[in-house]
Amino acid sequence: MDELTRNSEFDTRIAEGIKIEPKDWMPEKYRKQLTRMMSQHAHSEVVGMLPEGNWITRAPNLRRKMALLAKVQDEAGHGLYIYSAAETLGTSRQELVDQLLTGKAKYSSIFNYPTLTWADIGIVGWLVDGAAIVNQTMLAKCSYGPYSRAMLRICAEENFHKKQGYEIICTLMKGTKEQQKMAQDALNRFWWATLMMFGPHDSNSPNSADLFKWKVKKKSNDELRQHFVNITVAQAHTIGLEIPDPDLKYNSETRNWEFGEINWDEFYAVIKGHGPCNKERLQARNDAHDNGAWVREASIAYAKKKQGKNLERFLNVG
Ligand code: 3HC
């Protein structure tokens, strides 16, 4: 079949909402876009374990420690899940991980901010996972089969993450003045960085046109950001938190909370590697990779031995 026919068949599948599966023909650009997006998503999950992992040994009680342990463990699983889905597009796990370790690949900007107090852990669960849910609920309907199915499983767990984060903040807001101040301070430091998670304004989003054409994105960066703001402002006000945005105002016609301008210089500086924790995060991932080399070597040696035995048994039987 010539390229033209293949492309038109592919476009028909997309138009009819038929999932694209790994063995299906797809335009190279589709493959590249999905590999880029899914690998960065997987990197985000794995790097995202670092700011929260930092507080596991310092959780205020056993219940909080267990919930945080479960959440961080979930994130590791989400990373592995999405790496596996990304590998179906033909790039090996090793190559994807090398792109992260050498600083070539991006991961979500939000994880380049430090978690300074226990309240930050509540804010990360509530806001960051809340933002991820808004985005991932859309991606659960995307055209690439393995990615959309991975999102279904992940969104269910993200809901627990968001709830445990919001409950931490609710508890602090019912606590002492110092605890309320700690929660407000954490919100002040993470609010704008969370809005950046949704990416640049639609007018500055070079990848969105492709991703819309191929029904990977069904809502734009700005639409998802606005939806997140609308649900989160109400949750913040319910427990007495102030959103750190003097331009925030409710528009009763559009029923949107209109908000101020994001600091895009900060956004582009962070995604270029100049955020507060970029170097620390990359170093931590490289250290973990190096310290874990023996596990990879042992597993490969065992698999080869096992395979060898199975091969021998097969040949003997054969
Ligand atoms: N952090 C880092 N890079 C970002 C970014 C962010 N917050 N927002 C955008 N970028 C990058 C894009 O990757 C792109 O760079 P590239 O072409 O070199 O990859 C550039 O900025 C331009 O942005 P676009 O809008 O054109 O890019 P996209 O169309 O890909 O949209 C996105 C960006 C919304 C992040 C989209 O890629 C996406 O939805 N990705 C999948 C979801 C994801 O990765 N979420 C990250 C959070 S995961 C998480 O929070 C874990 C949870 O368990 C807590």
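A residue counts as exposed when its relative accessible area is over 50%, and as buried when that area is under 20%. The legends below describe close-up views of a predicted model.

Figure 1. Arg 255 is exposed because its relative accessibility is 62%. Its place is in the loop between β1 (249-251) and β2 (256-258). Phi of Arg 255 is near 60°, a positive value in a residue other than glycine. Lys 215 also has a positive phi, near 50°. Lys 215 is found in the loop between α9 (208-213) and α10, and a relative accessible area of 30% makes Lys 215 partly exposed. Most residues other than glycine have a negative phi.

Figure 2. Throughout the structure, a search finds 17 salt bridges. In one of them, the side chains of Asp 24 and Arg 13 meet at 3.3 Å, N to O. This pair links distant parts of the chain, with Asp 24 in the loop between α1 (3-15) and α2 and Arg 13 in helix α1, 11 residues apart. Arg 13 is partly exposed, at 27% relative accessibility. Glu 21 forms a salt bridge with Arg 149, and the closest N and O atoms are 2.7 Å apart. Because Glu 21 lies in the loop between α1 and α2 and Arg 149 in helix α7, this pair ties together parts that are 128 residues apart in sequence. Both partners are partly exposed, Glu 21 with a relative accessible area of 25% and Arg 149 at 42%.

**Figure 3. The salt bridge between Asp 210 and Lys 29.** The side chains of these two residues meet at 3.2 Å, N to O. Asp 210 is buried, with a relative accessible area of 11%. Elsewhere, salt bridges that share partners join Glu 52, Lys 71, Glu 75 and Asp 129 into one network.

Figure 4. Asp 74 is buried yet has no salt bridge; Arg 153, the nearest side chain of opposite charge, is 6.7 Å away. Apart from residues up to four places away in sequence, Asp 74 touches Glu 157, Phe 160 and His 161. Glu 75 is buried, with a relative accessible area of 5%. Beyond its neighbours within four places in sequence, the contacts of Glu 75 include Glu 52, Asp 129 and His 161. The C-alpha atoms of Glu 75 and Ile 154 are separated by 8.9 Å, although these residues are 79 residues apart along the chain.

**Figure 5. The largest pocket.** The volume of the largest pocket is about 1000 Å³. Its lining consists of 43 residues, of which Gln 40, Ser 108, Asn 135, Met 197 and Gly 199 lie nearest its centre. Among the elements that give two or more residues to this lining are α2 (28-47), α4 and α7 (145-173). The largest share, nine residues, comes from α6. By class, the lining has 21 nonpolar, 13 polar and nine charged residues.

**Figure 6. The largest cavity.** The structure holds one cavity of 30 Å³ or more. The residues that line the largest cavity include Pro 51, Ile 110, Phe 111 and Phe 190. Seven residues of this lining are nonpolar, one is polar and none is charged.

Methods:
Residues are numbered from 1 along each chain as its sequence is written. This is a predicted model: local features need pLDDT of at least 70, side-chain atom pairs count only at pLDDT 80 or more; totals for chains, interfaces and linings use all residues. Side-chain values use heavy atoms; hydrogens and water are left out. Buried means under 20% relative accessible area, exposed over 50%, partly exposed in between (1.4 Å probe, protein chains only). Lys and Arg count as positive and Asp and Glu as negative; His and the chain ends are not counted. A salt bridge is a side-chain nitrogen of Lys or Arg within 4 Å of a carboxyl oxygen of Asp or Glu. Contact means heavy atoms within 4.5 Å. On a 1 Å grid over the protein atoms alone, a cavity is a set of points where a 1.4 Å probe fits but cannot get out, and a pocket is an open set with protein on both sides within 12 Å along at least five of seven lines; lining residues have an atom within 4 Å of a point. Grid points are joined across faces, edges and corners, and a volume is the space filled by probe spheres set on the points. Ala, Val, Leu, Ile, Met, Phe, Trp, Tyr, Cys and Pro count as nonpolar, Asp, Glu, Lys and Arg as charged, and the others, Gly among them, as polar. Helices (H or I, at least four residues) and strands (E, at least two) are DSSP runs, numbered from the N terminus.
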